[in-house]
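Me: I'm new to this structure, and I'd like to learn how to read it. Could you walk me through some features?

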Amino acid sequence: MLRFLIGRLAILIPTFIGVSLIAFSFIRLLPGDPVMLMSGERVMAPERHAEVMHDLGLDRPVYVQYLDYLSNVVQGDLGASIVTKRPVLQEFGTLFPATLELSLCAILFAIVLGIPAGIFAAVKRGTWFDQSVMGVALVGYSMPIFWWGLLLIVLFSNTLHWTPVSGRIGLMYFFKPVTGFMLIDSLLSGQPGAFKSAASSLILPTIVLGTIPLAVIARQTRSAMLEVLGEDYVRTARSKGLAPLRVVGLHALRNAMIPVVTSIGLQVGVLLGGAILTETIFSWPGIGKWMVDAVFKRDYTVVQGGLLLIAGIIMVVNLIVDLMYGLINPRIRH
Amino acid sequence: MKKMSVLLAATVLASAMASAAWSKTLVYCSEGSPEGFDPGIYTAGTTFDASSRTVYSRLVEFQHGKTEIEPGLAESWTVSDDGTVYTFKLRPGVKFQATEFFTPSRDLNADDVVFSFERQLKADSPWAKYVAGVSYEYAAGMGFPDLIKSVEKVDDLTVKFTLNHPEAPFLADLAMDFASVLSKEYADKLQADGKMEQMNQMPLGTGPYTFVAYQPDAVIRYKANETYFKGKEKIDDLVFAITPDASVRAQKLKAGECHIMPYPNAADIKDLQTDSNLKVLEQPGLNVSYLAYNTLQAPFDKAEVRKALNMAINKQAIVEAVFQGAGQVAKNPIPPTMWSYNDAIKDDAYNPTEAKAMLEKAGVKDLSMKIWAMPVSRPYMLNARRAAELMQADLAKVGVKVDIVTHEWAEYLKLSKDKARDGAAILGWTGDNGDPDNFLDTLLGCEAVGGNNRAQWCNKEFDDLVKKAKKTADVAERTKLYEQAQVVFKKEAPWATIDHSTEFVPMSAKVSGFVQDPVGVHRFDGVDIAE
């Protein structure tokens, strides 16, 4: 186990260097620069443009900029946003909890509904239940997020008034963030109604963000279960007279879970990278929109720092997923 | 004794509840996050709405809904005969906001004004580059470092600006967002504490609303400035709910979750107008969209060719298709709401037959040209691609083959100003200060060729007129000069002027006192909301 962990940590370093190289070069390959973009249609005088580029160190050779950046990163300094002038780490720290909270809720929603749906669809293969679950999954997978989100808003917020339109919590609640997780902070604040507001604000974005993972997990579970249910040892267990629930729930499921857990891990990685569309519709202040806006504004430091941080998080998630294999299947214990 | 304390507690509770009940909150669904809160270092309207218009004040201000100037922090001013010395008398007793992060110990005085301008003008000011990459872009763009010789304190309530040459739009420039007045005391404290970046994160000014908190990308909170020199605002709490998607903003407005929203989708406007709980303010924007020919490139160096092409384009159809009617065809480079607009000028009639004849007469046969279309939606041009397609079809009818070219926005801005640009480019402009100079000289003056002058057009007659108009403060004389300049422009046709778009601000019917600003910023002073 220890060797496994050390091995994985060792891979982190070259991976980070690779990510930083990609982040650094890709954003600079895009035409335009952040200084010019800040003035928009107003054309900046070339001398002033050169001056500001010099202040930001952007007129140095790229490899010099890169090595300088790398040496700062190693010391924990990811630089400051070229646009807002705030430290990248600070901006990430403020925005990431929102993404994390929403992603966790979305993946939970997807797992809690998706896995049972997939199991039943597999067990009841060929029946109307199976067909409708897979049909719904296909629709969920194909739906444009923008449209789905707006539809839910029009129905649940504006017609039925069951949920707020957007935002993490009602505007009348104002308290200093402690953890950054609105559900926890609202409880800690002690303000009456705050938790309820935070929870109800989470409902629609969770559904919207969780729809595609739900569809993927349901289909994945179904196919994994079908494969396992066809195995000899399942037939053996059945012929031994074991209760169907035990056969399915204990023997079959545990083996089916490995590809499903992999799929979940990948989904989590995608979600944690920020859900730009969901964040835009629900005015959810997360890192997805932050990163995309940074690319449009050529905010080099934010793009670089953001990619490094997200890559780090995804690596941690993958590590957890790998460790979980050991839990599910003793043969894979590291 | 116990009864007394219970009574006391009940009274305190009751009055607390009463004051909470009376607290008026206005929610504005803004379209994006501010880049920061220092209005000197940014140029985006979104940032100004959240900083200069709420927290700060200026020496002079635009009258509500107009581009005329009225006293602000300066209660009066005199201009020397030669137009180079402006002396402002500051209003006494103006207080800076008291906040959780700083308590000012004195009223506004000349030191604050001098500081606010010198930091933007002097390269050796400690605030010149207080954070990496800081550039006082607006001040530089308006030519302030070259224009202003000195800003001096005469006495505590008198400030003198000495200019290097007369500049008629100078007063209008001082009403602009970048000319907001900061607190020198606060600045000195931040500098001493080594926290200068805080100026951009926690602003402090003399404006109608005091900054309370900013949750990045989510909410900005302000409360009414108790000591505002024009009297405390009727709104107690002002909240900006940052809502990037226009459809969602409309939904929030309809649901009553916000009271005012900017930049609705053209498609949503009708729905919002018919909602009985809402009202939609509209007014022509202080903007223009145009197709700039490259007048250095043959055959576009001939005025007859440009005129002919203008006559081939059906501008009304573009306004209908692209703006869904929310705009008006442009005949001049300045919008009709601007003073000195020459209404006597006749627009190029849409006449493809005549256009074809004119092209033939000019010796143009089988012309192939490029039209550059912006990839992004701007307030003055909602869909350049669509406009370009319509122009392509129109020009095909007169035998001109058009290729539509586009680049990513940053690249577009960069390449379109190149003197060697191949083709005509669609672009536009929103006015900064309500002064015609801001359009005519900035976009069409000789000095702007290779820069803001996308037509690369340098016409001596036109340039002389606009340069002369800069030098005199006599409005009547300036009007005459600008009217003449527009006549020259029409004759030479360096652009096909496309349209001036309408700006809409939908809001709850309960809101009163909100006036649309011609320059496009959103002001909340004087706004009230019925309970």
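Me: At what angle do helix α16 and helix α17 of chain B pack?

Reply: First, some background. This is a predicted model, where local features need pLDDT of at least 70, side-chain atom pairs count only at pLDDT 80 or more, and totals for chains, interfaces and linings use all residues. Residues are numbered from 1 along each chain as its sequence is written, while chains are lettered from A and ligands numbered from 1 in the order in which they are written.

Helices (H or I, at least four residues) and strands (E, at least two) are DSSP runs numbered from the N terminus. Axes are lines fitted to C-alpha atoms, for helices over the stretch in contact, and angles run from 0 to 180 degrees between N-to-C directions. Here, α16 (residues 460-471) and α17 (residues 475-492) of chain B pack at about 160°, their axes 9 Å apart. That makes α16(B) roughly antiparallel to α17(B) (the term is for angles over 145 degrees).

Me: Which residues of α16(B) and α17(B) make the contact?

Reply: Two residues are in contact if their C-beta atoms, placed from the backbone, lie within 7 Å. From α16(B) come E461(B), F462(B), L465(B), V466(B), K468(B) and A469(B); from α17(B) come R478(B), L481(B), Y482(B), Q484(B), A485(B), V488(B) and F489(B).

Me: Which residues of helix α12 of chain B are buried?

Reply: A residue is buried if 20 or more other C-beta atoms lie within 10 Å of its own, and exposed if 12 or fewer do. In α12 (residues 352-361) of chain B, the buried ones are A355(B), M358(B) and L359(B). Seen down the axis of α12(B), they fall within an arc of 100°, so they line one face of the helix; the arc is that of the directions from the helix axis to the C-beta atoms. Their cover includes α10 (303-312) of chain B. On the face turned away from the buried side sit the exposed residues T353(B) and K361(B). After α12(B) comes G363(B), with a positive phi near 80°.

Me: How many residues does each chain give to the contact between chain B and chain A?

Reply: Chain B gives 44 residues and chain A gives 44 residues. On the side of chain B that touches chain A, the largest share, six residues, comes from α8(B).

Me: And how many helices and strands does chain A have?

Reply: Chain A has 14 helices and zero strands. Of its 334 residues, 40% count as buried. Its C-alpha trace spans about 85 × 55 × 40 Å along its principal axes.

Note on methods: Angles under 35 degrees count as roughly parallel, over 145 as roughly antiparallel, 65 to 115 as roughly perpendicular and the rest as oblique.
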